[in-house]
Amino acid sequence: MSHTPTLFDWLGGMPVLERLTARFYERVKDDAVLAPVFAGMSAHHATHVAQFLGEVLGGPDTYTARHGGHAHMVMHHLDRHLTQAQRRQWVRLLLDAADDAGAPDDPEFRSALVSYLEWGS
């Protein structure tokens, strides 16, 4: 019987997610569409997002243990009212950051990642 990896494992775990979110937020600072949305975010935001993504992709429950889980995350995003253009750019920059971070580029993994990002956004 073979072991099916979680998306977290397939991605490469926390080291890849930490690189991915760090690179994403570096890109956001210079992005005309998203920079206003993330202006004034905490210095720990990228780490929190990496922990959240790790958890939803099948990794450890660090985000829930430290920050209260999905409900806590939703509470912080309810009043953001992203436009469709901002949502699309968010997905696009995350996928570009995944490339930069060394995430797998095989079609099965990318299909699953894109599906999650589209659903989650």
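Me: In which helix is R110 found?

Reply: This is a predicted model, in which local features need pLDDT of at least 70, side-chain atom pairs count only at pLDDT 80 or more, and totals for chains, interfaces and linings use all residues. Residues are numbered from 1 along each chain as its sequence is written, and side-chain values use heavy atoms, with hydrogens and water left out. Helices (H or I, at least four residues) and strands (E, at least two) are DSSP runs, numbered from the N terminus. On that basis, the helix in which R110 is found is α8.

Me: Does R110 count as buried or exposed?

Reply: A residue is buried under 20% relative accessible area, exposed over 50% and partly exposed in between (1.4 Å probe, protein chains only). The relative accessibility of R110 is 15%, so R110 counts as buried.

Me: Which residues is R110 in contact with, leaving aside its neighbours within four places in sequence?

Reply: Contact means heavy atoms within 4.5 Å. With neighbours within four places set aside, the contacts of R110 are L95, A98, D99, A103, P104 and D105.

Me: How far apart are the end C-alpha atoms of helix α8?

Reply: The expected span of a helix is 1.5 Å times one less than its number of residues. Helix α8 has 14 residues (107-120) and should therefore span 20 Å. The distance between its end C-alpha atoms agrees with this, at 19 Å.

Me: Within what arc do the buried residues of α8 fall?

Reply: The buried residues of α8 are F109, R110, L113, Y116 and L117. They line one face of the helix, because, seen down the axis of α8 (taking directions from the axis to the C-beta atoms), they fall within an arc of 130°.

Me: Why do residues three or four places apart in an α-helix point the same way?

Reply: The reason lies in the geometry of the helix. Residues three or four places apart point the same way because an α-helix has, for each turn, 3.6 residues.

Me: Which exposed residues does the other face of α8 carry, and what covers its buried residues?

Reply: The face of α8 turned away from its buried side carries P107, E108 and W119, which are exposed. The cover over the buried residues of α8 includes α1 (7-11), α4 (45-56) and α7 (84-101).

Me: Which residues does L57 touch, not counting residues up to four places away in sequence?

Reply: L57 lies in the loop between α4 and α5 (62-67). With a relative accessibility of 7%, L57 counts as buried. Beyond residues up to four places away, L57 touches T6, L7, F8, L11 and Y116.

Me: What helices do the buried residues of α2 pack against?

Reply: The buried residues of α2 are M14, V16, L17, L20, T21, F24, Y25 and V28. Seen down the axis of α2, they fall within an arc of 155°, so they line one face of the helix. These buried residues pack against α1, α3, α4 and α7.

Me: What kind of aromatic pair do F24 and Y25 form?

Reply: Rings of Phe, Tyr and Trp (its six-membered ring) pair if their centres lie within 6.5 Å; planes under 30 degrees apart count as stacked, over 60 as edge-to-face and the rest as tilted. The structure holds six aromatic pairs. In the pair of F24 and Y25, the centres are 4.7 Å apart and the planes stand at 80°, which makes the pair edge-to-face.

Me: How many residues apart in sequence are the parts tied together by F24 and F38?

Reply: F24 counts as buried, because its relative accessibility is 1%. F24 and F38 form an edge-to-face pair, 6.2 Å centre to centre with 90° between the planes. F24 lies in helix α2 (residues 14-29) and F38 in helix α3 (residues 35-38), so the separation in sequence of the parts they tie together is, in residues, 14.

Me: What radius of gyration does the chain have?

Reply: The chain has eight helices and zero strands. The radius of gyration is taken over C-alpha atoms, and the globule rule is 2.2 Å times the number of residues to the power 0.38. For 121 residues a compact globule would have a value near 14 Å, and the chain agrees, with 14 Å.
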